[in-house]
Structures are given as C-alpha cells and as structure tokens.
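Have the sequence and the 3D view open side by side.

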Amino acid sequence: MSVLPLVFTSGWASGVNAYAVVLLLGLFGLTGVSDDVPQTLQRPEVLIAAGVLFLLETVADKIPYVDSVWDSAHTVIRPLAGAWVGALLAGHSGSLSDVAAGLVGGSTALASHAVKAGTRMAVNTSPEPVSNIVLSLAEDLGVGGIVSFAMFHPEAAAIICAVLLVSGLVVMVFLVSRIRRFLRRRAQRREERRLASRIQGPP
C-alpha cells in the first residue's frame, strides 16, 4: 500500500491539470529525482505530448469562458488520466493492484475536476478576466508544488490533497447559485445565436 498516497495525490492533481502531472512525473523519473516513476511516463513522446498540451492548457485556462469549454472537454480526459497514472504507479511498485489504483486515481481526479470546473463557472459570472488568470496561476503552482512535494513526502502530500478536496467540495456548496447563473447565461447565449441564425436565413 506504500504507493497509495502518491496515487491519491496524482489523482487530485490530474483533476486540476493532468498534463502537468504527466510532465512533472516524467521529468522527475527521467532526471533520477524519484525511482517511483514508471518508464512509460519517461518516454520522450509522452513528455513532448504532455508538454505541448500543458502549454495549450496554460493559455486556454486563463481566458474567461474558454476555460469552461476546456474543462467540459476534459471531463472525461482528466479522470482517465488520473486512473492511467495511478495504474502505472501501482504496476511499477507492485504494492497495490492496478485496478484499485486506477479507481482511486480516477475517482479522485473526477472529484477535483468537478471542483475546478464548478469554481470556474462561478468565476465566469464576473466580467473581468483578472480572477481567471489569478485562479489559473494558483492552480498551476499548486499542482507543481504538491506533485514535487509528493516525491519526497507522499503521505503528507496526500493529507494536503484530501484537505483541499474536502474544502473545495464545501466551497462548491456555497457557489451553487453562481454556477446556476453561469449556466443560464450560457444557455441564453446559445438561444440568441440560434435565433440570429434563423433570422439571417440561408444566403
């Protein structure tokens, strides 16, 4: 069970920024910082793909409304990434079954993704873009910091992630009204575009 804290931490971080997790773990393994990183994550093609996608997410995540569209597209990707990384870590260490690790990593990633996506919807009810940028930077730094910390103190990192996850879920309860407002606005904009296309008609 020794790999379980790292699986949980990587799952939480994957729900926030899966590409950063894959990139960081791969680099830590490639540079010899940690022996707990599977060879699959250290492959050049995996690191290059994760790096490119991380850069795309870095930009998309800081643009109002674009960030929510990006989150919607990653509702499946982030949990799958958390499950994949968890299964790889378990298979590499041999201390936890792949299936159990995949379930832990995937479910944790899904929960943290839900917190992130819901928070972004609430933030997007504000017209200014500064809050999106600040929140995105905080998430990027948080993921980088917690994954790095987990390399040396996996148990402590897992406890921090658990506290952050529970706190985020509690905050979500208080943001429900703002999230509903965001969804109403998005539905209204879609309806307006649909009506405008009907009025214009075929050329």
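Helices (H or I, at least four residues) are DSSP runs, numbered from the N terminus. Ile-159 lies in one of them, helix 7. This is a predicted model, in which local features need pLDDT of at least 70, side-chain atom pairs count only at pLDDT 80 or more, and totals for chains, interfaces and linings use all residues. Residues are numbered from 1 along each chain as its sequence is written, and side-chain values use heavy atoms, with hydrogens and water left out.

How much of a residue can a probe reach? Buried means under 20% relative accessible area, exposed means over 50%, and partly exposed lies in between (1.4 Å probe, protein chains only). Ile-159 has a relative accessibility of 57%, so it counts as exposed. Glu-155 is partly exposed because its relative accessibility is 48%. Between the C-alpha atoms of Glu-155 and Ala-100 there are 18 Å in space, and 55 residues in sequence.

Now go inside. A nonpolar core is a set of buried Ala, Val, Leu, Ile, Met, Phe, Trp, Tyr and Cys residues joined through side-chain atoms within 4.5 Å. The largest one here has 33 residues. Which of them touch the most other members? They are Trp-12, Ala-13, Leu-25, Val-143, Ile-146 and Val-147. At least two residues of this core come from each of helix 1 (4-30), helix 2 (44-60), helix 4 (77-93), helix 6 (130-152) and helix 7 (154-174). Helix 1 gives the largest share, with 12 residues. There is also a second, separate core of seven residues, among them Val-115, Met-121, Leu-175 and Phe-182.

Take Trp-12 as a guide. Contact means heavy atoms within 4.5 Å. Beyond its neighbours within four places in sequence, Trp-12 is in contact with Thr-108, Ala-109, Ser-112, Ile-146, Cys-161, Leu-164 and Leu-165.

On a 1 Å grid over the protein atoms alone, a pocket is an open set of points where a 1.4 Å probe fits, with protein on both sides within 12 Å along at least five of seven lines; its lining residues have an atom within 4 Å of a point. The largest pocket holds about 360 Å³ of space. Its lining has 16 residues, and Trp-12, Val-16, Val-115, Glu-139 and Leu-164 lie nearest the centre. Helix 1, helix 5, helix 6 and helix 7 each supply at least two residues of that lining.

Next, look at two helices end to end. The expected span of a helix is 1.5 Å times one less than its number of residues. Helix 6 has 23 residues and reaches 34 Å from first C-alpha to last, close to the 33 Å expected. Its buried residues include Ser-136, Glu-139, Asp-140, Val-143 and Ile-146. The buried residues of helix 6 pack against helix 1, helix 2, helix 3, helix 5 and helix 7. Helix 4 has 17 residues and reaches 24 Å, close to the 24 Å expected. Among its buried residues are Arg-78, Pro-79, Gly-82 and Leu-89. The buried residues of helix 4 pack against helix 1, helix 2, helix 3 (66-73) and helix 5 (98-123).

Finally, visit the loops. Lys-62 sits in the loop between helix 2 and helix 3. Is Lys-62 buried or exposed? Its relative accessibility is 16%, so it counts as buried. A polar contact is a pair of N or O atoms within 3.5 Å; within protein, one must be able to donate a hydrogen and the other to accept it, and residues adjacent in sequence count only if both atoms are side-chain atoms. The side chain of Lys-62 makes such a contact with the side chain of Ser-136, at 2.9 Å. Tyr-65 is in the loop between helix 2 and helix 3 too. Tyr-65 is not a glycine, yet it has a positive phi of about 75 degrees. Most residues other than glycine have a negative phi.

Gln-42 is in the loop between helix 1 and helix 2. Gln-42 is buried because its relative accessible area is 10%. Its side chain reaches the backbone nitrogen of Leu-30 at 3.5 Å.

Key:
Points joined across faces, edges and corners; volume = space filled by probe spheres on them.
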